[in-house]
Amino acid sequence: MSEQATDAREQEILRQAKARFARVLRCDLKPQEIAGELRKRVLGQDGACEALSVRLRQHLLQVRQSFVRREVERKPWRPDDLGGVLVLGPTGCGKTHLMRTVEEMSSLAFHTEDATALSETAYVGRDLSDTARAIVQNAYLYAPLAQTALLFLDEVDKLR
């Protein structure tokens, strides 16, 4: 591939990442709308749909607030800008499907990591730097999108 074609491809990827991040910042879905959409795609998990819809809405608002604080007000990023959610349930109840549905709805960068493959030292398996690298790649190497990504640690129940 020529250098011009490579540059054009990189520019297109950056344009897509910026457009995706702009969709995240503009997202004005209300928890009721999110829960309704989740219920259409995920059967039998009404309580999880409601709880996750509220948390997703909070996350999107925190992303917007964090972006304004960093970019407009020029204040530093704080570790507590974004939080997490713990989705628990038995094997086969639809946790992964629920999270993939959230990914499709939100435009956020998303990465699923198998918790059983993670290790502290990475002598065996993957470590957190591998996970961070995957998140950045899923965000098209665009830092603002990567900083707001959703990380889904799957198979945590298998660790016990």
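Modeller: Helix α3, residues 46-72, has 27 residues and spans 38 Å from first C-alpha to last, close to the expected 39 Å at 1.5 Å a residue. Helices here are DSSP runs of H or I, at least four residues; strands are runs of E, at least two; both are numbered from the N terminus. This is a predicted model, where local features need pLDDT of at least 70, side-chain atom pairs count only at pLDDT 80 or more, and totals for chains, interfaces and linings use all residues. Residues are numbered from 1 along each chain as its sequence is written, and side-chain values use heavy atoms, without hydrogens and water.

Biologist: What makes 39 Å the span expected of α3?

Modeller: The expected span is 1.5 Å times one less than the number of residues. α3 has 27 residues and reaches 38 Å, close to that value.

Biologist: What does α3 pack against?

Modeller: Its buried residues pack against α1 (3-26), α2 (31-41), α4 (95-106) and β2 (150-154). Contact means heavy atoms within 4.5 Å. Among the buried residues of α3 are Cys49, Leu52, Ser53 and Leu56. Buried means under 20% relative accessible area, exposed over 50%, partly exposed in between (1.4 Å probe, protein chains only).

Biologist: Why is Arg39 called a salt-bridge partner of Asp46?

Modeller: A salt bridge needs a side-chain nitrogen of Lys or Arg within 4 Å of a carboxyl oxygen of Asp or Glu. The closest N and O atoms of Arg39 and Asp46 are 3.6 Å apart, so the pair meets the cut-off.

Biologist: What makes Arg39 and Glu50 a link between helices?

Modeller: Their side chains meet in a salt bridge, 3.0 Å from N to O. Arg39 lies in α2 and Glu50 in α3, so the pair ties together parts eleven residues apart in sequence. Glu50 is partly exposed, at 42% relative accessible area.

Biologist: How do you know that Glu104 and Arg41 form a salt bridge?

Modeller: Their closest N and O atoms are 2.8 Å apart, so they pass the 4 Å limit. The pair links distant parts of the chain: Glu104 in α4 and Arg41 in α2, 63 residues apart.

Biologist: Why is Glu104 called exposed?

Modeller: Glu104 has 57% relative accessibility, so Glu104 counts as exposed. Arg41, at 33%, is partly exposed.
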